[in-house]
Structures are given as structure tokens and as C-alpha cells.
Amino acid sequence: MRTTVGIVGGGPSGLLLARLLHRAGIDSVVLESRDRAYVERRQRAGILEQATVDALCAAGAGGRLAREGIVHDGIELRYDRRAHRVDFPSLTGGRRVWVYAQTEVVKDLIALQLAEGGPLFFGAEVHAVEGADTAQPVIRYTHEGREHSLTCDYVVGCDGFHGVARTAVPEQVRSTYERSYPYSWLGVLAEAPPVHDELVYAHSERGFALASMRSPQVSRLYLQVPNGTDPAHWSDERIWDELDARFALDSDPAWRLNRGTVTAKSVLPMRSSVTEPMRYGRVFLAGDAAHIVPPTGAKGLNLAAADVIVLARALGAWHESGSVELLDAYSDTCLRRVWRAEQFSYFMTTTLHTDPGQSGFDTRLQLSQLDRIATSPHAAAELAENYTGLPLG
Ligand code: RFL
Ligand code: PHB
């Protein structure tokens, strides 16, 4: 089999790329190792930048998003038992974000890809990407028990942090920069209406907490927990009590979350990682295959979308005119934005979480930084610009 662009991985980056290429008249094949139900159920991100929403609309996947997505004009920061709202439009010249879950983005893109007949194979496990530095790289994969190969003009590794495409970049060319954090998140999905109409990020002596949402009926909540925590040790009651304690306000002692049935509980580690370069020969890396951020800045999915927007434009230019100028610039263009998001995610994470060995001095620095955001429009604008998303390079 052969195609113009072989895409390894059918997560949000692979699926969005396939749709953008289809609109540009470029054929592609998506190979996804998992089955459809698994890919559609994976609970992950919830916040979309406007540029991500625009790309989903351009890809033809904007219909349900426009009806069910919820526009947010700000977030609330809680610290020292006080609340401060950061208003995005007034600080950024009108920018805002959307609440629309990654599960829904993926469902919409899969439905579209299958309806328009773009090849998308589930249960297709890629073992190797060969010939990155030749004119015709080849993807080797197994599907329905048989070995196959897909010959391509270009291969894009959209296969996430544990994918194989990254290894097509030779070790002597590849550098990975990483950081891990001494805490994880316990993520909870609950059939409970969100009590507040925007996201609440809380710094407390007991650790970080985040109240997000999936719909007017469903809350998505996170608690900082020690690495290695077993979610089974957190009963529903303990989760609700701990969340209420971390969100506590002196000005409103009666403030409580709405409680409801907990439908999912999982622990996710926090990690930062960047692999450079994001391109070697005719193989490109996009999304989590190239970089990971801790979720505190809500950047993971948006960075993945930004990569494939840049790549789709570059492949479009090559397809139309044969020019490889934008393809040659891909890695540098993406990495500038990636490192900005890495810094912002690191900043949000280390400002809001409590390190196990944290001193009183460290805590006071965090509170001083949060106070600065609450009192200086410049400091607040820095947060708001990064959170709502910087312009695409
Ligand atoms: P994905 O979503 O990991 O998709 C990669 C796809 O590639 C497939 N795959 C393969 N297919 C074929 N052959 C192989 N050898 C393959 N190896 C892997 C996988 O099955 C998968 O379908 O990467 P993509 O598309 O780049 O999208 C990135 C986003 O998913 C990611 O950045 C965010 O979800 C990060 N993230 C979060 N971001 C947030 O902004 N807020 C969150 O709350 C949040 N929660 C999370 C997260 C990431 C998590 N991971 C990766 C562990 C929670 C988790 C658990
Ligand atoms: C989510 O809704 O899952 C979410 C929102 C904001 C974050 C992280 C996760 O920073």
C-alpha cells in the first residue's frame, strides 16, 4: 500500500492532521493501534484555545462544538483562602477559551474521517518507521494478525509519548529534555453540576486542587496526591471532603462543591519533556510524540493541535508548489511555541502545587507570586495571554 502522508496514531493530533490534509486535497492513511471505543473513551484534556477551535472548524468538525462547547472568559485562582478572578478578554484584547472535552473532539473527528472515507485503521500497531532519510519512508505495522507496509512521501508520528515514530530520528541526532515532578493528580469525573461557572485553580497548604467541568451536569475534578498513589485508597467521601478543604474560602465559609456519583477515578503523573528536532528527513513528530507538559496550564491538546496546523500548512504549500521551505522550518517554528508552553506549564505547576519538602520560604514565594497576579494587570495579562494561547508561529 502507498499514500502521500502516513500518519502513525489516531489521537487528536493524527485525526486533526488527516482532516486538514483531506481539505487541502492531500491523501493520507491513519494507523491507530487501539480500538475505536478505547480511543473515544480516554479521559484527558478539557480546555481548547480559540486557534484549536478554529482548526477544528476548518477541518469540518465544528458543528457539535459550536452547540455544546462552553465559552469561558476567565478562571478563578484561590490561595490563602481567598478568591481572585483573572478576566481573559480585558487582559488579552478579547481572547477566551472553550470547554469541550478531548473525548468529544476525538469522537467528532473519527465520525468525520469515517463518513468522508478517509482511511483510518483501528487495531493497526506500528512497529517501525524506516527510511526517514530516503525519498520513500516506509511504515511497518500489524493489522488483523498480518504484517503490512505502507510506503509514503512523508510520515508523521502522532503516536503519543509511548509511540515508536520518535525512534526514526537517529539517537545521535535526537535530544530529549525532561523533568518529572514529586506529585501526581487524582482525576475524578462526577455526575454533579459544577458549582462555579468557570474553572477554579486552588493553592492550599493541603496541596493543589482544580475544579473543571465537562457539561452543565458533569464535573471534572483534580487533587494533588503523592506519586504512586492508588486511587482505590481514595473513597468518594474522602475525595469530596478533601476538595472542599482545599477550595475553602474565609469570605464564604459555606462554599461547597455539589456532590454526585463518581464515575471515574485515575492517577496521572506530571511530566515535562521535549524531543528535538521534531523532524528528521521525511519523518515529522507532532503532539505528545514530541513533547509532554504537566496539565496545569491546559496546554497539551492545544500544543498538539498547533503542531498539526503548522504541518498541514507546510504540506499544503509543498503539495501546491513543490516548495519545502515551510517543511524545513517546521521543527523550529513548533519548538518556539513548545518551549513557551513548557515554561508556562512549569510555572503554573510549581506556583500552585506543594512540594513534599517545601519550606515556609517556598510557600511565601508562591503566595507572593499569586498576589502579584491578583494585583498587577501586567502579571495577570502574562497568565491570560499564555492560558488563552499565543498566536501561531
Ligand atoms: P495521544 O492522544 O496520546 O494519541 C496518540 C495515539 O497514538 C496511538 N499509538 C499508536 N498507534 C499505532 N501504532 C503505535 N505503535 C502507537 N503508539 C501509540 C495511541 O493509541 C493514541 O491513540 O497524542 P496526541 O494526539 O498528540 O494528543 C495529545 C493529547 O492527548 C495530550 O497532550 C493531552 O491529552 C495531555 N493531557 C492533558 N492535557 C490537558 O490539557 N489537560 C488534561 O487534563 C490532560 N490530561 C493528558 C491528560 C495526557 C494523559 N496521558 C498522555 C497519559 C491525562 C493523561 C492520562
Ligand atoms: C480538564 O478539564 O480536564 C482540565 C482543565 C484545565 C486544566 C487541566 C485539565 O488545566
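**Figure 1. Polar contacts of ligand 1.** A polar side-chain atom of Tyr222 lies 3.2 Å from an oxygen atom of ligand 1. The structure shown is a predicted model. An oxygen atom of ligand 1 is also placed 2.8 Å from an N or O atom in the side chain of Ser13. For the side chain of Arg44, the distance from an N or O atom to an oxygen atom of ligand 1 is 2.9 Å. Taken alone, ligand 1 exposes 1,000 Å², and the protein buries 85% of that.

**Figure 2. The shell around ligand 1.** Ligand 1 is surrounded by 30 residues, and the closest are Ser13, Glu32, Arg42, Gln102 and Asp288. By class, the residues of the shell comprise 13 nonpolar, nine polar and eight charged. Two or more residues of the shell come from each of helix H1 (12–23), strand S9 (124–130) and helix H8.

**Figure 3. Helix H6 and the residue that follows.** Helix H6 covers residues 102–115; at 1.5 Å a residue its 14 residues should span 20 Å, and the end C-alpha atoms are 20 Å apart, which agrees. H6 is mostly covered, with ten of its 14 residues buried. The buried residues are Gln102, Thr103, Glu104, Val105, Val106, Asp108, Leu109, Ile110, Leu112 and Gln113. Just after H6, Gly117 adopts a positive phi of about 80 degrees.

**Figure 4. The loop at Asp80.** Asp80 sits in the loop between strand S5 (74–79) and strand S6 (82–87). Its phi is near 55 degrees, a positive value in a residue other than glycine. Asp80 counts as partly exposed because its relative accessibility is 45%, a value between the cut-offs of 20% and 50%.

**Figure 5. The loop at Ala298.** Ala298 is located in the loop between strand S19 (291–292) and helix H8 (300–321). Phi of Ala298 is positive, near 55 degrees, in a residue other than glycine. With a relative accessible area of 17%, Ala298 is buried, since the cut-off is under 20%.

**Figure 6. The cis peptide bond at Pro277.** The peptide bond from Glu276 to Pro277 is cis, and its omega is near -10 degrees. Pro277 belongs to the loop between strand S16 (261–276) and strand S17 (279–280).

Methods. Residues are numbered from 1 along each chain as its sequence is written. Chains are lettered from A and ligands numbered from 1 in the order in which they are written. This is a predicted model: local features need pLDDT of at least 70, side-chain atom pairs count only at pLDDT 80 or more; totals for chains, interfaces and linings use all residues. Side-chain values use heavy atoms; hydrogens and water are left out. Helices (H or I, at least four residues) and strands (E, at least two) are DSSP runs, numbered from the N terminus. The expected span of a helix is 1.5 Å times one less than its number of residues. Buried means under 20% relative accessible area, exposed over 50%, partly exposed in between (1.4 Å probe, protein chains only). A residue is near a molecule or strand if one of its heavy atoms lies within 4 Å of it. A polar contact is a pair of N or O atoms within 3.5 Å; within protein, one must be able to donate a hydrogen and the other to accept it, and residues adjacent in sequence count only if both atoms are side-chain atoms. Accessible areas come from the Shrake-Rupley method with a 1.4 Å probe; for residues, only the protein chains shown count as cover. Ala, Val, Leu, Ile, Met, Phe, Trp, Tyr, Cys and Pro count as nonpolar, Asp, Glu, Lys and Arg as charged, and the others, Gly among them, as polar.
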